[in-house]
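Hello,

Here is the structure I said I would pass on to you. Please have a look at it first, and then read on for my notes.

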Amino acid sequence: MANEEDDPVVQEIDVYLAKSLAEKLYLFQYPVRPASMTYDDIPHLSAKIKPKQQKVELEMAIDTLNPNYCRSKGEQIALNVDGACADETSTYSSKLMDKQTFCSSQTTSNTSRYAAALYRQGELHLTPLHGILQLRPSFSYLDKADAKHREREAANEAGDSSQDEAEDDVKQITVRFSRPESEQARQRRVQSYEFLQKKHAEEPWVHLHYYGLRDSRSEHERQYLLCPGSSGVENTELVKSPSEYLMMLMPPSQEEEKDKPVAPSNVLSMAQLRTLPLADQIKILMKNVKVMPFANLMSLLGPSIDSVAVLRGIQKVAMLVQGNWVVKSDILYPKDSSSPHSGVPAEVLCRGRDFVMWKFTQSRWVVRKEVATVTKLCAEDVKDFLEHMAVVRINKGWEFILPYDGEFIKKHPDVVQRQHMLWTGIQAKLEKVYNLVKETMPKKPDAQSGPAGLVSGDQRIQVAKTKAQQNHALLERELQRRKEQLRAPAVPPGVRIKEEPVSEEGEEDDEQEAEEEEPMDTSPSGLHSKLANGLPPGRAAGTDSFNGHPPPGCASTPVARELRAFVEATFQRQFVLTLSELKRLFNLHLASLPPGHTLFSGISDRMLQDTVLAAGCKQILVPFPPQTAASPDEQKVFALWESGDMSDQHRQVLLEIFSKNYRVRRNMIQSRLTQECGEDLSKQEVDKVLKDCCVSYGGMWYLKGTVQS
């Protein structure tokens, strides 16, 4: 007691267990280095891994301009390794030891006692380590030098011998036939050290990308070190109700269990259900019901259950659609399962069902023919998807089975915003997988939950023509205004500003779209199909979407200022970004903002690009290969033209190079920089410019975000 009084508790810290990277997180232990130097400051030339052996090799550059570097020794090592002639197989192409290889070895096989900790805002987040690897310098180049030396000695000995001497000696050759290998001999051979070494050598190397500490991808991956939804929510796995705790202390005897009537295997009573943990109760209920309002779920779980714990549990097994909860596809179609109708694997079924759920977040109605055309699945599978969450209406399509739950939307805006971010990511995946075109993009959601009236095909064509005629003049004026703005600043040579001309066939496109869609939407604005940063255009008209997201409203001055500040801060860190990467960073920024922030009013792709150009950035038209797999957003590359530092001129020359080439070698970049800047740049200056704007892959340099591995 005296010791406890002398040592009071100063602070209590909540500890959370993050499992997102539990099977992927490794700890690399590097050799001893100066405390002022970080390995992020050393250019990583390449990295590769053998996953089965958990073996890693990193290749790092050596600072040959450092005063402590012995240049004569480096030249001697390169000469011993590669010889006098340098070719493509040379280890040191610069005839100087300018790089060093580090190989890994496992420190311990049991890493269950180790974890990576991240302390943020009074919370400690722990992620278990999957492996700990020690990286030590590799001296394989010495083996190569010894092999060269032995080859030279053998050549000298062969030259000293007489070339005219003929070998007339006849040698006897003994032929032996191997006996059949027994099972025991085969087991010994398989377990031998030589066989294991051979198997290890046969495993191919997998090349990796290295991302620095301040890279956007590193920032994105660090978010997984945080336990999702930890703030203000208790861990339900560690909280038990009194009845559950009593059941754990005094489980029922086997005799009592035998006396209970045997129920069918697919039937679970409510009494049995409430003996399970809360997470299992929610999962079982959602798997059987498939669609349920939150109020109904709370009534089934009982009045003693905390609603905050239920909210946290439901988000793990269900998605929010029109204010109601729909069970996730991977719960119904687990991994390694297949369709009972067509035999399609579970991954394809989950993707198709996610498309149906996403369509219902945009509208009350879905057409089965459209779903089958996009997903390429059989009619029975598509019908199963729709029967999970909708009812069929004759001559109208499939309507969502439950009414829009506006009360839940108003009561839980933080949950709604989190679900919106998840749907934005799912939408991006669906667009990339299914190559969604204009006719499959979401329309403006209906403002009413009731069924829409029938409209004939001729009427829809007339509405499309009228809408196209009204917008044609506005689009021409807007295009003319943007051309005048783009002509105002002086555009440097070699950098082209991409302009999107207005197609005069807009009326025909709208007409074709109206003919192909089912006659369910009577709103003229429902004919629009463009998404604004993942938000449907109907929200711009002041109508709430069925997923419960607030309407954006017009871009006011505070919104413009906040967006401009985000863009400037992002490009000051990254320098080069694709539109796809910029949108991803913007969504991460939105997720970190409190509910009700001005940026939640809705930012369109066009507004985001205009802000980027107004912030002093330029769009670089990178000549992508004809068969590139990059999406249109990934092919839009923006770069900060002037940041105010000494490297602005070097970066501008580099960007001009990439406006004519998709990928470039380092020697071409260095020679062009020397030619344009009129001075011999040091290796550190070139490395800084490349690190700001480019990434290296396979010996070539690409602008950030443009490499397609």
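This is a predicted model: local features need pLDDT of at least 70, side-chain atom pairs count only at pLDDT 80 or more; totals for chains, interfaces and linings use all residues.

The chain has 709 residues, and 37% of them are buried. Its secondary structure comes to 27 helices and 20 strands. Among contacts with a separation of 6 or more, 72% are between residues 24 or more positions apart.

Helix 14 (residues 346-362) packs against helix 16 at an angle of about 45°, and their axes are 10 Å apart. The two are therefore oblique to each other, and their crossing is right-handed. On the helix 14 side the contact is made by L349, G352, R353, V356, M357 and F360, and on the helix 16 side by D381, F385, L386, H388 and M389. By class, the residues of this contact of helix 14 with helix 16 are seven nonpolar, two polar and two charged.

Helix 14 also packs against helix 18 (residues 413-434), with an angle of about 120° and axes 10 Å apart. Helix 14 and helix 18 are therefore oblique, and the crossing here is left-handed. From helix 14, the residues R351, G352, D354, F355, M357, W358 and T361 meet W423, I426, Q427, L430, V433 and Y434 of helix 18. The contact of helix 14 with helix 18 divides into eight nonpolar, three polar and two charged residues. If you colour the two contacts of helix 14, you will find G352 and M357 in the one with helix 16 and again in the one with helix 18.

Helix 16 has another partner in helix 15. The axes of helix 15 (residues 368-375) and helix 16 (residues 379-389) come within 10 Å and cross at roughly 125°. That makes helix 15 oblique to helix 16. This crossing is right-handed. The residues that meet are R368, V371, A372 and T375 from helix 15, and A379, V382, K383 and L386 from helix 16. Five of the residues in the contact of helix 15 with helix 16 are nonpolar, one is polar and two are charged.

Now for the rings. The count comes to nine aromatic pairs. One of them is W325 with F408: the ring centres are 5.9 Å apart and the planes are at 80°, so the pair is edge-to-face. W325 sits in strand 12 (residues 324-327) and F408 in helix 17 (residues 406-411), so to speak linking distant parts of the chain, 83 residues apart. Both W325 and F408 are buried. Ring pairs also bring F294 into a cluster with W325 and F408.

Another edge-to-face pair is formed by Y662 and Y702, with 5.4 Å from centre to centre and 75° between the planes. Y662 lies in the loop between helix 25 (648-658) and helix 26 (666-677), while Y702 is in strand 20 (residues 700-703), so this pair ties together parts that are 40 residues apart in sequence. Y662 and Y702 are both buried.

Back in strand 12, have a look at N324. N324 counts as buried, at 1% relative accessibility. Leaving out residues up to four places away in sequence, N324 touches M292, P293, M319, F400, L402, P403 and D405.

Finally, two backbone angles. Most residues other than glycine have a negative phi. K290, which is not a glycine, has a positive phi of about 75°. K290 is in the loop between helix 10 (278-289) and strand 10 (291-292). F575 likewise has a positive phi, near 70°, and it is found in the loop between helix 21 (557-574) and strand 16 (576-578). At 9% relative accessibility, F575 counts as buried.

Key. Residues are numbered from 1 along each chain as its sequence is written. Side-chain values use heavy atoms; hydrogens and water are left out. Axes are lines fitted to C-alpha atoms, for helices over the stretch in contact, and angles run from 0 to 180 degrees between N-to-C directions. Helices (H or I, at least four residues) and strands (E, at least two) are DSSP runs, numbered from the N terminus. Angles under 35 degrees count as roughly parallel, over 145 as roughly antiparallel, 65 to 115 as roughly perpendicular and the rest as oblique. A crossing is left-handed if the near helix is turned anticlockwise from the far one by less than a right angle, and right-handed if clockwise. Contact means heavy atoms within 4.5 Å. Ala, Val, Leu, Ile, Met, Phe, Trp, Tyr, Cys and Pro count as nonpolar, Asp, Glu, Lys and Arg as charged, and the others, Gly among them, as polar. Rings of Phe, Tyr and Trp (its six-membered ring) pair if their centres lie within 6.5 Å; planes under 30 degrees apart count as stacked, over 60 as edge-to-face and the rest as tilted. Buried means under 20% relative accessible area, exposed over 50%, partly exposed in between (1.4 Å probe, protein chains only).
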